[in-house]
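I opened a new notebook page for this structure and wrote down what I looked up, in the order I went. Come and read along.

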Amino acid sequence: MNRTDAILEAVALERRFDVSAPWLNRVIERKPRQTLRAVDGVDFQIRRGQTLAIVGESGCGKSTIAKLVTGLYEPSGGAIQFHGDPNRMQMIFQDPYASLNPRWRVGRIIAEPLRTLRPETSAVDLGARVDELLRTVGLSPSDASKYPHAFSGGQRQRISIARALAGDPEFLVCDEPTSALDVSVQAQVLNLMKQLQRDFGLTYLFISHDLSVVRHMADEIAVMYLGRIVEIQPKADLFERPLHPYTRMLLETIPDLKVPNRDRKPMGGEVPSPIAPPKGCSFHPRCPLAFDRCMSERPVRNADVHQGRVACFAAEETRK
Amino acid sequence: MTDTVLEVRDLRVEFPTRTGILTALDGVSLSIQRGEILGVVGESGAGKSMTGLAILGLLEPPGRIAGGEIWLSGDRIDTLSEREMENVRGGRIGAIFQDPLTSLNPLFRVGDQLVETIRLHTDLGKEQARARALELLREVGIPAPENRIDAYPHQFSGGMRQRVVIALALCAEPELIVADEPTTALDVSIQAQITALLRQLCRERGTAVMLVTHDMGVIAETADRVAVMYAGRIAEMGTVEDVVRRPRHPYTEGLMGSIPSMHGDVAELQMIPGSMPRLDAIPQGCAFNPRCAHAGTRCRTEVPRINGTGAACWLALEGATE
Ligand SMILES: Nc1ncnc2c1ncn2[C@@H]1O[C@H](COP(=O)(O)OP(=O)(O)OP(=O)(O)O)[C@@H](O)[C@H]1O
Ligand code: SF4
Ligand SMILES: [Mg+2]
């Protein structure tokens, strides 16, 4: 990728959290300090007008990346370079409850970014824009006068999407934007997001645990496991030729409506604790291909192996 | 004895409110055979959990069963007293909920909870009950159960906790298990382990399972038949194969088209205009008619009903909507 194409780059990005027991307990119980590496050396670039999706299971670090990108967290290491207009970066959060001010009417919530960015907008224009945004996200203009508590979880998430769209963004960080929505509502929102992307050339960092949603939305997909990107590929390549054993197992595990497979063998084991991740490749306890090197050494994405798309020793052995 | 474990006939659940009576379930009829998994699927507010709660006798007052009958292997259970129903729950019917912690007491060791439940519903002595608890934990896939049986719920991961809940539901060899979103709170790699376990139990023990979920993918891979619910009614009922591949209700058809697939790309997902009505604004006639492209005069006045398999849609039933 040409450097100038990228609207955002993450370089060796790290975020650690101190999850130690309180000082007194540590002294009494002789416990050492504990650090959790929520994001553990992550590199990616996002091309203007495209969608990079990050997929992975709970706790793998997706939301932490979202918060690093939007500046809610400071990196503990590495860096994020944003080459766009910082005023036009917006975020849609995972939790629709926490992100809406309960004492404001919905109309005010949605109008807020507009009012801040373009204070000259007339009340009439603001009202019309709020109506339009409410309709776009599947609510009704009459909802503008209600408070957030009058809405279901799904409807609240639509309100926060409308608010993010109000600021006329160029770059949107979307953390599980449809996870709280029913599938038919999800379809409306995903279609809408794709249409907005086409119409306005938006760039998305799209985070989801749902591979089928990711398949629908992404141009490129990064698969995370325990704080690291284990694989990153253009969408079509990832689904056609997954390179990492974890990706392959995910693809084999997830039930699919259109191609159901009742004899699927579920992936064994569980995601280990991120406080004490396994040595070497952190996937090795669950990996059918693991060999001795995987237990001691940590695989990294290497430009000579499958164009740097995968961090796995087994993939290195079969490199092309 | 017949092989029909659960039979629900024309069930109606109402919630009296200050502004009038809300009908949460309307004319719900379904049955589950021994060893069968019936999926009950629908979007939030469709009434799928309500159906499970009504069967379990766990409706929150003022919610009440206002009509219809519920039969468990030939015994009517909707008319039982609260006390009698407590025996049926955990005895003849096991329950599994989305959050394992609603079924487990955080203050007690899982082994003690299992032993207590086993002793409540069987004549086993203490030692035997503990042996049975171990056996159950092993059966639901807890590794080295002899080391885990005296642990507290919080010492288990989410997936392992849900396995313990399943063991708890199995304590009294129930005829029926009602599982409400049992995998929703779990990671995808763990979800598949739990649904595989449910299928295996159902096959090996002949338990009837009612699997309530919003996830059509889980239904497609786990259930034998499926009931699709909409606005408190069953919109369509049939084999999973039929409902997924040849949906006959326009709502089901839209629902299937709105779900992105892991295989193959579409430029646009199918959309159903509008949203599901609230309970206080269910339209006359077919509840789906304002969102339906085929709606005719009959759809706006008369409720289409199915008895058993089929689609509750005038077009599917009569070939016409006028
Ligand atoms: N503020 C914090 N303090 C301590 N630990 C944290 C903090 N934020 C996140 N973590 C930990 O970092 C890891 C990554 O968390 P993160 O929220 O990024 O995961 P995620 O991939 O978004 O998961 P989910 O799919 O559940 O949303 C987890 O183990 C989490 O518990
Ligand atoms: S590095 Fe080794 S353990 Fe890790 S995914 Fe590759 S083969 Fe498996
Ligand atoms: Mg998250």
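Below are my entries on the interface, the two ligands and a few single residues.

**Ground rules**

I am working with a predicted model, in which local features need pLDDT of at least 70, side-chain atom pairs count only at pLDDT 80 or more, and totals for chains, interfaces and linings use all residues. Residues are numbered from 1 along each chain as its sequence is written, chains are lettered from A and ligands numbered from 1 in the order in which they are written, and side-chain values use heavy atoms, with hydrogens and water left out.

**Entry: where chain B meets chain A**

I started with the contact (heavy atoms within 4.5 Å). Chain B brings 47 residues to it and chain A brings 42 residues. Next I looked up the buried area, meaning the accessible area (1.4 Å probe) that two parts lose on being put together, summed over both. Between chain B and chain A this is about 3800 Å², and carbon and sulfur atoms give 51% of it. I noted three names here: Val188(B), Glu221(B) and Met262(B) supply 21% of the area that chain B buries against chain A, more than any other three residues.

Which side chains meet in a salt bridge across the two chains? I found Asp265(B) and Arg215(A), at 2.8 Å, N to O. The term asks for a side-chain nitrogen of Lys or Arg within 4 Å of a carboxyl oxygen of Asp or Glu. Between chain B and chain A the count is one salt bridge.

I then listed polar contacts, which are pairs of N or O atoms within 3.5 Å; within protein, one must be able to donate a hydrogen and the other to accept it, and residues adjacent in sequence count only if both atoms are side-chain atoms. The interface has 13 such residue pairs, both partners at pLDDT 80 or more. On the side of chain B that touches chain A, at least two residues each come from α6 (158-170), α7 (188-205), α8 (216-222), α9 (240-245) and α10 (250-257) of chain B. Helices (H or I, at least four residues) and strands (E, at least two) are DSSP runs, numbered from the N terminus.

By class, that side of chain B has 23 nonpolar, 14 polar and ten charged residues. Here Ala, Val, Leu, Ile, Met, Phe, Trp, Tyr, Cys and Pro count as nonpolar, Asp, Glu, Lys and Arg as charged, and the others, Gly among them, as polar.

**Entry: ligand 1**

I counted a residue as near when one of its heavy atoms lies within 4 Å of the molecule. Ligand 1 has 16 residues around it, and Ser58(A), Gly59(A), Lys62(A), Ser63(A) and Thr64(A) come nearest. A polar side-chain atom of Thr64(A) is 2.5 Å from an oxygen atom of ligand 1. For an N or O atom in the side chain of Ser63(A), I read 2.7 Å to an oxygen atom of the ligand. A polar backbone atom of Cys60(A) lies 3.2 Å from an oxygen atom of ligand 1.

Which helix gives the most to the shell around ligand 1? It is α2(A), with three residues. The shell divides into seven nonpolar, six polar and three charged residues.

**Entry: ligand 2**

Around ligand 2 I found 13 residues, with Cys281(A), Cys287(A), Cys294(A), Cys312(A) and Phe313(A) nearest. Its shell has eleven nonpolar, two polar and no charged residues.

**Entry: single residues**

Most residues other than glycine have a negative phi, and most peptide bonds are trans. The peptide bond from Pro61(B) to Pro62(B) is cis, with omega near 10 degrees. Pro62(B) is in the loop between α1 (48-56) and β4 (64-72) of chain B. Gln307(A) has a positive phi, near 50 degrees, and is found in the loop between α10 (292-296) and α11 (313-317) of chain A.
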